[in-house]
Amino acid sequence: MPLSGTAVRSLRGVLALCLVAGALLAPPAADAQVPLRIIAVNDLHGHLEPGDNSVLVPHPQAPDRLVPVRSGGAAYLATRVQQLRAEVAASVFVSSGDLIGASPLVSALFRDEPTVEVMNRLGLDLGVAGNHEFDHGVAELRRMVAGGCAPEPRGATRSCADAAGRYEGMRFPLIAANVVDAAGAPLLAGAVVHRVQGVAVAFVGAVTRATARIVMPQGIRGWRFEREAPAINRTVQALRAQGVHAFVAVIHEGGQTEGHFNECREPRGEIFEIARELDPEVRVILSAHTHRGYVCALDGRLIIQGASFGRLVSVVDLTLDAARGTVQPGSIRATNLTVPNGLDTALDAAVRAAHPALAPDRAVAEQVAGYRERAAPLADAPAGRIAAVFTRQAEDGGDHAAGRLIADAHLAATRGAGAQAAFTNPGGVRSNLRPRGADGHVTYGDLFTMQPFGNSLVTLTLTGAQLKSLLESQWSRSDPERVRFLQPSNGLTYGWRSDRPHGERIEPGSLRLHGEPIRPQQAVRVTINSYLAAGGDGFVLFREGRDLVGGPLDVDALTDYLLDRSRQEPLAPDPAPRIRRLD
C-alpha cells in the first residue's frame, strides 16, 4: 500500500525547506521492527514507449555470458511497481532525477508533460531534481512542478496537449537541498519526511553540482548549485534536531563500476566520493546520472543505481527500529529488477523464464498511445534527404558514418562559439539513419530516433595534452578490450595501436586538426553534448574544459545541418574514416 502524500506541512527552523508526509497504519509497539520498501527509478528521460531499450542480463545457464532483454516502457513499469507495492505493507516510490529532459518525441514534443502525467498515475511519491530538469531554466521547472500551460512557445513543442487542454503539474514533491539563490534561500524543498507506522524516514535530495556547467546559463542565472554532501548534511542535522534518525539520500549524481547491474566491481566516480562525506546516519543512497546499474556497499552504506530509461527498477528493503527511529543495522537488502516487456523475438526459454514478460497496464498504455497519435504530424515532417544508410556499424578504427554525421552537424551549429572540432558519444547514436522512398527523404522522427536525448551542445576549450589524455581514456584500464570511441567531426584525425600500454595507445604525432599536428599546449575549442560535458560515459576529463558556451539542442543542430546540406541533392555518408587502427 503506498504511503499517503496528504497532511503536508513545513518544518520551521530547518535550513533547507522540508516536507512531512502523513502517516499510514497504526503506531507500532515500542520494540517493534517496521519494514519499509523503497522503489526507485532514475534517468527515465521521458521513455514512455518501450522502443528498442534493452538491458544485459546474465544468462541463467551461463552466468558469465550477458544477453540483452528488451526492458522498459511506462505501461510495463506501472505493472512492475504495482507488483512490488502489493508485496509489502509500506513502500515509497522515488525518482532519482532526470525524469524529464533528453526525451523521445512522444514526451518531448509536449514539453515532457506526458511523463509527469504518467508518473502521477503511477503514484510517484517524490522525485529529486536532475540536471535535465533544468534544461529549459528555472521558470519552466517551476511550471512543470506547479502546473499550468506554458506562456511562451518553444519551437514546435506544444503545452497542455492532453484531451482536457490542461496540465495539472506534479502531484509529488520535487526536492534538492543544494540549489540556492544568492541569499541562500532554496529553490526546492530539501527533503521529504515519510512516517511509517509512526517512524520518521527522511528522503534528502541533491542534484549534481555540475548542473551549472551543462545547462543554458541564462536559465539558471541567480542560482547556485552547491556541493552535494555538505547540503545534505546540513539538512540531516536540522531534521535530527526535529527527532528524525532514519535517512535516505536521493542524489542525482553517479559513478562507474565494472560488472553487471547487481554487481559493484571497481567502483569509482563522484557518487562514491560524496558518500564518504555524508553523515553516518545516511544509510541508503539512491544515485543516478551515469546511467549505470550497480549495487554497492561502501563503509556500511548502500549505494544503488538502476541504469536508465525505466529498464531497471531499484528495490531496497529495510527495517526500522521503532524505539530508536533508526534503520536497523544489517537489515538492508537491495536489488535491481528488469522490466521485461516481451518484445524480444529471439530469447531462449531459460532467459524468458528468468525474466518473464510483464503485462502492460491498460490505462497507462492508452495514455501513452494518445500522445503518440498527437506526435505523428511532427514525427512525419520532412527533415532532408540522404543518398544511403548512415550506419552505426563501426569501421576498423572505431568511427562510423552515423557518428561522423552527428559530429559534423554539432560542429557546424557551434562555429559561432569558436568550435574547431566536435565529438559525440557512441551511446548517443541510437539508430541507423535510413533513406525513405525513391527520393531518400528522412523525417524529423527518424532524426529524433537516431538522437533522442535532447541534450544541449556545449563548446569548451581543451589543451592538446588534455585532448590526447581524453582520447586515451576511451580504453578501459581494467578491460583492454572495452573501448568507447568518441565520434569525431571532419578535420580531427588520429591513429592508435592496440599493442601499446594503457594511456599510450594514440600514435605519437598522429593527433591532427585539418592535417596539422595538435601541440600539447595548443588550445582547441571542442563541442560536445551536455551529457559528455558532465563526464558521462566516464569521460571525466571533459569537466576540465574552460570557457564553456552553451549551444542548441543536439537534434535541432542535426536537423538544420541535414536540411541545409541536402537542398541540392541527397547527402551521402562520408566514407573516409577519421580514426585509424595502425596495428
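In this predicted model, the link of Cys149 and Cys160 is left-handed, with -115° about the S-S bond. The two sulfur atoms of this disulfide, which joins Cys149 to Cys160, lie 2.0 Å apart. Both cysteines belong to the loop between H4 and strand S8 (174-175), so the bond ties together parts that are 11 residues apart in sequence. The two partners can be told apart by their surroundings. Cys149 has 45% relative accessibility and counts as partly exposed, because a residue is called buried under 20% and exposed over 50%. Cys160, with a relative accessible area of 10%, is buried.

The count of disulfides comes to 2. The other link to describe here joins Cys264 to Cys296, again with an S to S distance of 2.0 Å. Its torsion about the S-S bond is about 95°, so the disulfide of Cys264 and Cys296 is right-handed. This pair links distant parts of the chain, 32 residues apart. Cys264 sits in the loop between strand S14 (256-258) and strand S15 (265-268), while Cys296 is found in strand S17 (residues 293-298). A relative accessibility of 26% makes Cys264 partly exposed, whereas Cys296 is buried, its relative accessible area being 3%. When the bonded cysteines of the protein are numbered in sequence order, the pairing reads 1-2, 3-4.

Several elements give two or more residues to its lining, namely helix H2 (105-108), helix H4 (137-146), helix H11 (444-450) and helix H14 (554-565). Of these, H14 gives the most to the lining of the second largest pocket, with 5 residues. In total, 33 residues line this pocket.

Terms used:
Residues are numbered from 1 along each chain as its sequence is written. This is a predicted model: local features need pLDDT of at least 70, side-chain atom pairs count only at pLDDT 80 or more; totals for chains, interfaces and linings use all residues. Side-chain values use heavy atoms; hydrogens and water are left out. On a 1 Å grid over the protein atoms alone, a cavity is a set of points where a 1.4 Å probe fits but cannot get out, and a pocket is an open set with protein on both sides within 12 Å along at least five of seven lines; lining residues have an atom within 4 Å of a point. Helices (H or I, at least four residues) and strands (E, at least two) are DSSP runs, numbered from the N terminus. A disulfide is a pair of cysteine sulfur atoms within 2.5 Å. Buried means under 20% relative accessible area, exposed over 50%, partly exposed in between (1.4 Å probe, protein chains only).
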